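Subject: Two-chain model, handover and notes

Hello,

Here is the structure I said I would pass on. My notes follow below it.

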Amino acid sequence: MGQNTTTVTDADFASTISSDTPTLVDFWAEWCGPCKIMDGPLDEIAGENDGKLTVAKLNVDENPTTMSAYGVMSIPTLIIFQGGEEKRRFVGARSKNQLTTELSDFLS
Amino acid sequence: MTEKVLIIGSGPAGLTAAIYAARADLSPLMIEGMERGGQLMITTDVENYPGFPDGVMGPDLMEQMRKQAERFGTRIISSDVTSVDFSQRPFTVSVGQDTYSAESVVISTGASARWLGVEGEERLRGFGVSACATCDGFFFKEKELLVIGGGDTALEEALFLTKFASKVTVVHRRDEFRASPIMADRVLDHPKIDVLWNSVVDEILGDTLVSGAKIRNVETDEVTDFTADGVFVAIGHTPNTKVFADQLKLDEAGYLLTEPGTTFTSVEGVFAAGDVTDKIYRQAVTAAGMGCQAALDSQRWLHEQA
């Protein structure tokens with residue numbers, strides 16, 4: 001786990017995403033190879049956008065309630081939340097550049 | 001700065017080439033691509049890679065190879081190559097705005113899962129359409145699933161999915177499996193698996209989530225709407241050669257052509273290894289072997305140029 005990302009669980013999910021600061025939630029699991037590819041880019045993005053973006057990792061094995069509430073059916077899935085609402089969703093691994101571009105609307 | 005050896009791709013072929021080139025003091029640069037580690041990253045147990053009597057998880061095996069390549073000085077860039085120019089030397093390889101120059105290149109970009117190309121497939125990817133049972137099977141507990149294909153991969157996926165699904169139906173366009181007999185028997189004997197022979201998918205149905213598929217019997221042309229919560233596509237692989245298509249000779253299926261018994265492509269100084277050039281064996285261990293050959297071929301070739 002990167003040093004710039006946080007961990008979110010079923011228990012604190014609602015409070016985490018209710019923030020006005022955009023929160024990017026990474027739905028992942030230990031057995032998911034493509035999820036591991038995202039670890040480095042997500043940690044860097046979190047570090048570079050400290051204060052502007054929270055990056056939180058949610059383990060789908062341990063947090064089935066949140067996973068099914070958001071209909072996650074493939075991982076890695078990244079969902080950006082703001083003020084408790086889902087703003088955008090990305091399914092599948094992607095490069096840091098691609099993700100940074102996709103997140104640009106929320107990083108101004 | 002011109003690299004001695006630039007390696008494109010980071011599966012067993014690319015990483016083995018990197019290990020050999022690095023140990024030969026060629027300080028290879030690897031452009032690993034977004035599908036880092038290749039197909040083994042979406043494989044669970046690997047039971048046939050020598051040296052692991054108890055099996056090894058695909059992602060773990062690839063992580064070990066990557067560490068081994070890095071230990072000897074391989075430098076790694078985590079992006080996809082966007083274009084190449086092999087028409088003059090040194091060769092150039094571009095990743096977006098960044099351009100790298102290299103005296104020799106090893107191509108080991110592997111192959112990626114092929115899609116059906118039918119209506120609904122792309123729109124519902126991640127919402128019930130998948131090409132990776134090990135990635136996504138977990139999300140289909142007690143669901144009814146379709147697996148499309150009849151080769152070893154399709155049947156492995158079908159068997160794997162029975163761990164989660166209540167029912168798995170294999171849709172295959174022929175009247176017998178292409179897969180190995182042992183896999184075929186396991187599937188045919190499995191209480192949770194049904195097979196629709198001589199059948200193809202015409203469309204994947206569903207509004208925001210997969211609800212089923214239109215399946216056509218190729219003998220009778222009869223079309224039925226089949227209810228399912230997920231569709232797993234396993235109809236084989238396509239070599240990742242698009243970016244090289246106008247620079248190197250490919251066969252009719254898109255695989256890079258090499259001189260028999262070597263890793264030489266149609267351009268001197270450009271070498272190919274692994275699934276990008278191999279449509280026969282396609283194993284982790286054969287890819288690793290070819291990666292070794294490519295590193296040795298490039299080393300020898302560089303030496304001759306000097």
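The radius of gyration used here is taken over C-alpha atoms, and the globule rule it is compared with is 2.2 Å times the number of residues to the power 0.38. For the 108 residues of chain A, a compact globule would have a radius of gyration near 13 Å, and the 12 Å of chain A agrees with that. Please keep in mind that this is a predicted model.

Chain A

The C-alpha trace of chain A spans about 30 × 30 × 25 Å along its principal axes. Chain A has four helices and five strands, and from the N terminus on its elements run β-α-β-α-β-α-β-β-α. Of its 108 residues, 36% count as buried. Taking the contacts in chain A between residues at least 6 apart in sequence, 76% join residues at least 24 apart.

Chain B

Chain B contains six helices and 19 strands. Its radius of gyration is 21 Å, close to the 19 Å that the globule rule gives for 306 residues, so chain B is as compact as a globular protein of that length. The box filled by its C-alpha atoms, taken along the principal axes, is roughly 65 × 40 × 35 Å. Of the 306 residues of chain B, 48% count as buried. For contacts in chain B between residues at least 6 apart in sequence, 62% join residues at least 24 apart.

The domain assignment divides chain B into domain 1 (2-112 + 237-305) and domain 2 (115-233). The C-alpha centres of domain 1 and domain 2 of chain B lie 32 Å apart.

Where the chains meet

The contact between the chains involves 16 residues of chain A and 17 residues of chain B. On the side of chain A that touches chain B, the largest share, four residues, comes from helix H2 (residues 33-48) of chain A. By class, that side of chain A has eight nonpolar, six polar and two charged residues.

Helix H4 of chain B

Seven of the 10 residues of helix H4 (residues 152-161) of chain B are buried, so this helix is largely enclosed by the rest of the structure. The buried residues are B:Thr153, B:Ala154, B:Leu155, B:Glu156, B:Glu157, B:Ala158 and B:Leu161. Among the elements of chain B that they pack against are helix H3 (133-136), strand S11 (144-148) and helix H5 (181-188).

The axes of H4(B) and H5(B) come within 10 Å and cross at roughly 35°, and the crossing is left-handed. From H4(B), B:Asp152, B:Leu155, B:Glu156, B:Ala158 and B:Leu159 meet B:Met183, B:Ala184, B:Arg186 and B:Val187 in H5(B). By class, this contact of H4(B) with H5(B) has six nonpolar, no polar and three charged residues.

B:Ala131

B:Ala131 sits in the loop between strand S10 (129-130) and H3 of chain B. Is B:Ala131 buried or exposed? A residue counts as buried if 20 or more other C-beta atoms lie within 10 Å of its own; B:Ala131 has 23 C-beta neighbours inside 10 Å and therefore counts as buried. Leaving aside neighbours within four places in sequence, B:Ala131 is in contact with B:Ala113, B:Trp115, B:Val233 and B:Ala234. The C-alpha atoms of B:Ala131 and B:Glu157 are separated by 9.3 Å, and the two residues are 26 residues apart along the chain. B:Glu157 is one of the buried residues of H4(B).

Regards

Notes. Residues are numbered from 1 along each chain as its sequence is written. Chains are lettered from A and ligands numbered from 1 in the order in which they are written. This is a predicted model: local features need pLDDT of at least 70, side-chain atom pairs count only at pLDDT 80 or more; totals for chains, interfaces and linings use all residues. Two residues are in contact if their C-beta atoms, placed from the backbone, lie within 7 Å. Helices (H or I, at least four residues) and strands (E, at least two) are DSSP runs, numbered from the N terminus. Ala, Val, Leu, Ile, Met, Phe, Trp, Tyr, Cys and Pro count as nonpolar, Asp, Glu, Lys and Arg as charged, and the others, Gly among them, as polar. A residue is buried if 20 or more other C-beta atoms lie within 10 Å of its own, exposed if 12 or fewer, and partly exposed in between; C-beta atoms are placed from the backbone. Domain bounds come from an automatic or database domain assignment. Axes are lines fitted to C-alpha atoms, for helices over the stretch in contact, and angles run from 0 to 180 degrees between N-to-C directions. A crossing is left-handed if the near helix is turned anticlockwise from the far one by less than a right angle, and right-handed if clockwise.
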